[in-house]
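Here is a short tour for anyone meeting this structure for the first time. Have a look at it, and then we'll go through how its parts meet.

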Amino acid sequence: MGNDRSGADKIRIALVNNYQPFVYGGAEFLVDSLRTQLLSRGHQVSLTRIPFPATLDHKLINNILSCRCISFDEADKVIAFKFPAYFVPHDNRTVWMFHQLRQVYELWDGPYGLRDDPKNAALRQLVIGSDNHFLRQSKHIFVNSNEVAGRLKTYNDIDSEVLYPPLLDRDRCHFKEYGDFLFYPSRMTTFKRQHLAVESMQYVSSKVRLVLAGKSDEPEYEEKLRNLIAAKKLGDKVTMLGWIDQQEKFDLMAGALACVYLPYQEDSYGFVSMEAFYSRKCVVTLQDSGGTKELLVDGVNGLVVYPSPRALAEKFDLLYENRRLARDLGEQAFADLNSRDISWDTVVEKLLK
Amino acid sequence: MKIAVLRTGPLFAHDDAALYVAQLCSVLSEAGHSIESTSLPFSSAIADIVEQSVAYRLFDLTHGSDLCIAVGPFAHAFNHSNKRIWLLSQYSPVYELWDTCYGASSTRPNDVSTRDYVYAVDRAWLSEARLVCSGSQTIAQAVLNNLGTETQLLPPALPDQYRYATNEYEGFFVAAGPLLDTARISLLVDGFSRTVRPARLVIMGFVSSPSERDAAQQIVLESPKAEFITLEINPTYDRVFKHVSSALALVSVPYRCSTLDIFTVAASWSRKTVLTTIDSGELARLVDHQVDGYCVEANAVALAQAMDEISGDMQSAKRLGDRFGEKLNGMLPTWATIAQELTK
């Protein structure tokens with residue numbers, strides 16, 4: 001008889017994630033990368049992306065119910081990532097959590113979270129109750145950072161293990177020079193606070209420039225940034241590239257003075273930080289940027305700044321005026337990252353154990 | 001436009017619809033649309049049907065996209081204000097396989113209530129759509145007869161990347177597709193085992209579990225002509241399409257299939273004749289015996305006789321293959337037309 005490629009010694013793995021239609025960010029990229037890695041190791045892999053509602057209301061309840069109703073029995077193992085995809089029923093379900101529904105946890109009743117009113121409070125209770133119940137049915141819970149591990153412990157009293165996500169295309173990160181611009185590559189969205197970087201440019205005294213790149217999820221936010229650049233007459237100091245491809249991103253990073261990443265309460269260090277470090281560039285972040293500080297130590301391999309445009313401008317000038325500092329921080333960033341065990345082999349081994 | 005394309009299908013097994021949807025997304029994208037393609041798992045176990053359909057129903061994509069194209073069993077359940085349905089299959093156990101050894105049964109109360117549920121929700125959810133297209137005449141007829149719903153005929157075409165035409169006729173028959181019970185591999189192998197002329201049989205089968213693979217291997221091993229049979233499990237699609245293009249003929253004997261499977265479409269592109277059986281549903285409807293293919297009684301003797309005829313008269317096989325190719329070429333739309341119809 002002929003050849004048999006059924007891969008009997010390999011397993012069937014269902015990756016399950018949520019997604020916002022037409023939004024492709026770090027989490028989506030990471031799951032696609034994991035799929036590639038599992039396939040390359042001979043496993044059968046399916047990727048299910050469950051649509052997440054556009055509004056946080058009763059549709060959230062429908063979404064939770066949907067996840068509980070879909071059968072993944074054909075799979076030997078399920079790996080799930082986000083709320084409420086990690087509720088799908090399976091006896092051998094491992095969670096690699098990127099974040100919970102943050103709007104009812106650490107962002108609750110804040111500028112980025114749900115407002116505390118009776119309807120939202122009921123929703124919050126449901127989400128937390130579901131997390132408490134269904135997450136505990138998982139075989140293993142990994143998280144992508146100490147930040148997320150801490151939140152899970154604080155709000156749900158659930159233990160987890162940190163499993164750092166590696167880059168798929170680490171080899172494409174390279175170094176060219178410490179140029180004269182700061183590079184901020186990220187989806188343009190309120191959470192990522194590109195506006196703070198733009199605002200800071202009105203206060204810089206050096207000739208440092210800022211280059212923003214990334215697709216916009218929120219057209220009104222992109223419009224706000226453009227208006228800000230026009231209103232403050234920053235056209236010669238700030239460039240908005242919009243979406244660029246991966247190669248262009250890595251090339252820009254290679255020639256940047258340093259990278260900027262200013263998310264609010266980020267779940268993990270973010271791919272931007274990692275790509276910057278592998279390109280021997282330090283990262284400027286903010287004190288309230290959450291998980292970015294996972295890799296980043298102020299004054300050692302990056303700069304952690306008070307979240308204000310003036311404070312940022314001061315650090316931008318410092319890096320421009322003191323290239324040696326930019327280089328030392330960048331070199332240390334590269335060395336620090338290489339000393340950590342962040343690899344796909346580790347990730348696959350742990351997720352499948 | 002922002003277009004969401006939703007597909008339901010098996011998690012790991014081969015599914016023609018996955019290949020069609022990939023091509024559709026590519027064409028829509030080239031036409032300048034933003035595409036978000038989503039596939040959700042579908043389990044065909046009758047016990048899972050109600051829960052699954054409810055799960056799909058609870059998704060609401062209205063706010064994310066201008067238009068939604070749904071493909072696959074119960075994909076029409078999705079909520080969207082501008083929903084287009086492309087029925088490439090239905091839940092066959094309660095439609096074409098109802099009360100057969102492969103489908104649900106009127107003697108089981110649970111099956112009857114599930115069938116009634118499926119008909120009711122199909123009727124309701126299809127009626128919400130702006131457009132309902134059927135992938136075959138058989139589906140269109142079934143929807144009309146069982147649900148009273150008129151549909152537009154829109155069969156899928158062969159995706160561009162699988163269009164191979166070698167003009168070669170090597171000494172083997174090929175059978176390709178998921179090794180489901182309805183594929184009747186044992187009938188096929190039995191038929192081949194009774195042939196007298198020298199030829200080989202290559203079965204390129206897709207399985208989703210080791211038990212399916214083991215069952216197929218057992219059938220082949222028990223054949224007196226096992227040494228002339230090659231069983232390839234889960235081959236790459238490229239490999240299957242290339243084999244189809246250089247085979248003597250494609251042999252396909254599914255029981256009451258509702259659509260033309262992708263490998264038959266590929267055979268027509270490669271101008272290969274098709275051997276099928278009179279109870280093979282849409283396939284039997286399309287193949288005219290001795291006019292553009294072979295459509296014989298569903299038994300091993302008839303299959304063996306047809307296989308011997310093909311391998312003994314290559315010129316005739318070529319002539320019938322050419323005719324089948326011409327027939328389907330005139331019948332199947334282009335992908336540009338498919339994309340246009342589904343988004344108009």
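How many residues of chain A are in contact with chain B, and how many of chain B with chain A? In this predicted model, 29 residues of chain A touch 35 residues of chain B. On the chain A side, the elements that each give two or more residues are strand S1 (12–19), strand S2 (44–51) and helix H2 (58–69).

Now for chain A by itself. Chain A splits into domain 1 (12–163) and domain 2 (170–338), and the centres of these two domains, taken over C-alpha atoms, are 29 Å apart. Where they meet, 13 residues of domain 1 are in contact with 13 residues of domain 2. On the domain 1 side, strand S4 (93–99) and helix H4 (146–156) of chain A are the elements that supply two or more residues, and H4(A) gives the most, with three.

Over in chain B, there is a helix pair to look at. Helix H1 (residues 16–30) and helix H12 (residues 335–343) of chain B pack with their axes 9 Å apart, at an angle of about 80°. Angles of 65 to 115 degrees count as roughly perpendicular, so that is what H1(B) and H12(B) are to each other. H1(B) brings B:Gln23, B:Leu24, B:Val27 and B:Leu28 to the contact, while H12(B) brings B:Trp335, B:Ala336, B:Ile338 and B:Ala339.

Here is the make-up of these contacts by class:

| Side of domain 1 of chain A that touches domain 2 of chain A | five residues | six residues | two residues |

Note on methods
Residues numbered from 1 in each chain as written. Chains lettered and ligands numbered in written order. Predicted model: local features only at pLDDT ≥ 70, side-chain atom pairs only at ≥ 80, totals over all residues. Domains from an automatic or database assignment. Contact = placed C-beta atoms within 7 Å. Helix = DSSP H or I, 4+ residues; strand = E, 2+ residues; numbered from the N terminus. Nonpolar A, V, L, I, M, F, W, Y, C, P; charged D, E, K, R; others polar. Axes fitted to C-alpha atoms, helices over the stretch in contact; angles between N-to-C directions. Parallel < 35°, antiparallel > 145°, perpendicular 65-115°, else oblique.
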